[in-house]
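Here is a short briefing on charged pairs and a nonpolar patch. Look at the model first, then work through the points.

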Amino acid sequence: MTYRAADALADALVAHGVDRAFGVPGESFLAALDALLDRPQIDLVTCRHEGAAALAAVADARLCGAPGVLFVSRGPGMANATIGVHVAQQDALPLVVFVGQVDRPLLGRGAFQEVDYRRMYGGVAKLVAEVMQADRMSATIAQAFSIAQSGTPGPVIVVLPEDVLSEACAAVATRPLGGSRPKPSTDDVAAVAALIAQSRRPVVIVGAESRSPAFRADLRRFSERWQLPVAVTNKNQDQFANEHPNWLGHLGFFVSPPLSALLAEADLVLAIGTRLGDVTSQGYTFPRQAPAPQTLVHVYPDGAAMATQFRTERAIVSGAHAFVQAMLDAPPAGAPARHDWLAQSAQARDQARAWSPQATPPADVFGHVVQAIATRLAPDAIVTLDAGNFSTWPHRLLSLRPAQTMLAAACGAMGMGVPAALAAALRHPGRQVIAFCGDGGYLMTGNELATIVGRGLAPKIVVANNRSYGTIRSYQERQYPRRVNGTDLNNPDFAMLAAAYGAGGFRVSAAGEAEAVVAEMLAHPGPALLEVVCDIEQIMAGTTLSAIRP
């Protein structure tokens with residue numbers, strides 16, 4: 001049988017350790033599908049929509065720390081997948097997208113479904129590479145995987161003209177290039193040790209650049225050794241044990257006043273593995289620039305992502321884990337006792353997370369449901385979050401342990417919940433997987449429940465049904481009180497819809513039902529969906545729609 005460029009593609013994926021790819025089939029890459037059939041090492045997950053497939057691939061990257069892989073067809077297929085490309089770029093996650101293209105003789109002639117991907121994605125993707133010769137397939141893929149992982153991780157698009165895939169080529173062994181992760185210098189480590197030793201009110205802000213269990217364990221040791229309170233960036237609540245005394249909190253869209261006030265008092269900010277975007281920095285106001293600028297040490301593997309928005313005392317081009325390991329190996333620099341600062345930090349944290357189930361009003365049905373789930377969360381549970389105000393309840397009520405994982409799109413893309421649950425259940429079939437979704441986000445990608453059922457997976461999906469695009473409604477009420485337009489939703493019966501897919505369907509419409517129905521839903525042997533009928537007045541944890549109106 002003739003060895004084709006499509007075979008070189010499949011073999012290159014195997015050489016790079018790829019064991020799973022997501023996608024929706026298309027006639028533009030049939031040869032690639034054919035080649036993958038002969039490589040059983042790669043599980044091809046056929047999804048129902050390219051947007052959901054892209055989000056599942058992004059979630060898989062977040063789980064594994066290696067590039068997610070996506071196959072989509074030309075034109076409309078790639079357009080649908082754009083949401084995943086954007087999430088990968090915004091959340092700094094490695095993603096390699098293989099997209100079909102028209103035959104080479106048709107390029108530039110406006111052929112059926114032809115798109116100039118370099119022009120379309122030049123501002124989002126790290127690289128758009130076109131394979132114009134069959135014998136360049138292996139080298140191009142090696143380059144794509146290396147670039148996707150190096151510096152600031154992100155999306156790479158590999159364009160595959162249909163006629164190239166079928167073209168004969170030599171079978172050349174692929175040599176993966178790997179991704180670069182620099183390490184700190186001895187001088188960097190000594191300088192940071194001295195700054196920490198001089199500081200009396202330091203804080204550590206940790207992003208998602210490194211997410212391995214080993215990193216988290218070393219981060220905990222680093223925090224304990226140097227007496228450092230630790231906060232995490234948006235949607236990365238699992239990076240530090242939430243029950244640890246040095247846990248400070250989660251810097252999402254709604255930072256509590258006590259936590260915000262505490263951050264303003266810090267005399268040293270050590271940012272590790274984060275680009276310090278606008279959400280983390282509270283609109284680029286933290287670390288404070290004037291008056292009395294806060295001392296900033298910024299650790300990130302891409303120098304281009306540092307010292308552009310903030311005055312930086314020490315910009316260290318390094319991977320997060322390499323930096324933390326180096327600090328653990330550094331000799332102690334005589335840090336002062338910070339018992340009072342750690343106690344003050346703990347007080348701010350506890351005020352931000354204060355929640356009494358007994359004092360929670362019965363109208364807050366979703367809060368009671370999340371509380372019931374929190375008490376039943378497995379020690380190694382995987383929680384996925386869609387985007388929306390409903391996520392304020394899981395962030396406040398779930399206290400994540402070291403072995404638990406959270407998957408969400410920090411950039412706020414709707415539709416992440418169910419595809420991420422699909423990816424998690426495939427990657428860890430023995431672990432409890434719970435997806436929290438709003439009604440709007442669920443109806444964007446919830447059709448992947450068909451994929452979940454077909455694969456025999458068993459995640460549990462919780463849908464907050466307040467019949468509204470709730471986040472947009474809350475902004476609408478702030479700016480245009482009582483002038484509701486475009487945010488109301490007409491929803492199906494979610495429990496019945498789940499049953500139609502072959503999953504368990506459950507419903508809670510009153511707070512008193514939460515405990516019993518949650519227990520029944522979690523005990524269901526297969527996939528299940530719990531619809532929570534919510535009052536739009538209970539717009540988010542800790543406040544109401546009436547309270548946010550001016």
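The structure holds 27 salt bridges. A salt bridge here is a side-chain nitrogen of Lys or Arg within 4 Å of a carboxyl oxygen of Asp or Glu. Side chains of opposite charge can pair when their charged atoms come close.

This is a predicted model: local features need pLDDT of at least 70, side-chain atom pairs count only at pLDDT 80 or more, and totals for chains, interfaces and linings use all residues. Residues are numbered from 1 along each chain as its sequence is written, and side-chain values use heavy atoms, with hydrogens and water left out.

- Arg 427 and Asp 19 meet through their side chains in a salt bridge (2.9 Å, N to O).
- Arg 427 lies in helix H16 (residues 417-427) and Asp 19 in the loop between helix H1 (5-15) and strand E1 (20-23), so this pair ties together parts that are 408 residues apart in sequence.
- Helices (H or I, at least four residues) and strands (E, at least two) are DSSP runs, numbered from the N terminus.
- Asp 19 is partly exposed, at a relative accessible area of 34%.
- Buried means under 20% relative accessible area, exposed means over 50%, and partly exposed is in between (1.4 Å probe, protein chains only).

- Glu 224 and Arg 220 form a salt bridge with their side chains (3.3 Å, N to O).
- Both Glu 224 and Arg 220 sit in helix H10 (residues 213-226), four residues apart, which is about one turn of the helix.
- Glu 224 is partly exposed at 39% relative accessible area, and Arg 220 is partly exposed at 33%.

**A bridge between two strands**
- The side chains of Glu 531 and Arg 507 meet in a salt bridge (3.2 Å, N to O).
- Glu 531 belongs to strand E18 (residues 528-533) and Arg 507 to strand E17 (residues 504-508), so the pair ties together parts that are 24 residues apart in sequence.
- Glu 531 is buried, with a relative accessible area of 4%, whereas Arg 507 is partly exposed at 34%.

**A network**

**A nonpolar patch**
- Phe 253, Phe 254, Ile 472 and Tyr 475 make a nonpolar surface patch of about 400 Å².
- Patches are made of residues with over 30% relative accessible area and no salt bridge: like charges are joined within 9 Å, nonpolar side chains (Val, Leu, Ile, Met, Phe, Trp, Tyr) within 5 Å.
- Accessible areas come from the Shrake-Rupley method with a 1.4 Å probe; for residues, only the protein chains shown count as cover.
- Phe 253 is in the loop between strand E9 (247-251) and helix H11 (257-265).
- Phe 253 counts as partly exposed, at 48% relative accessibility.
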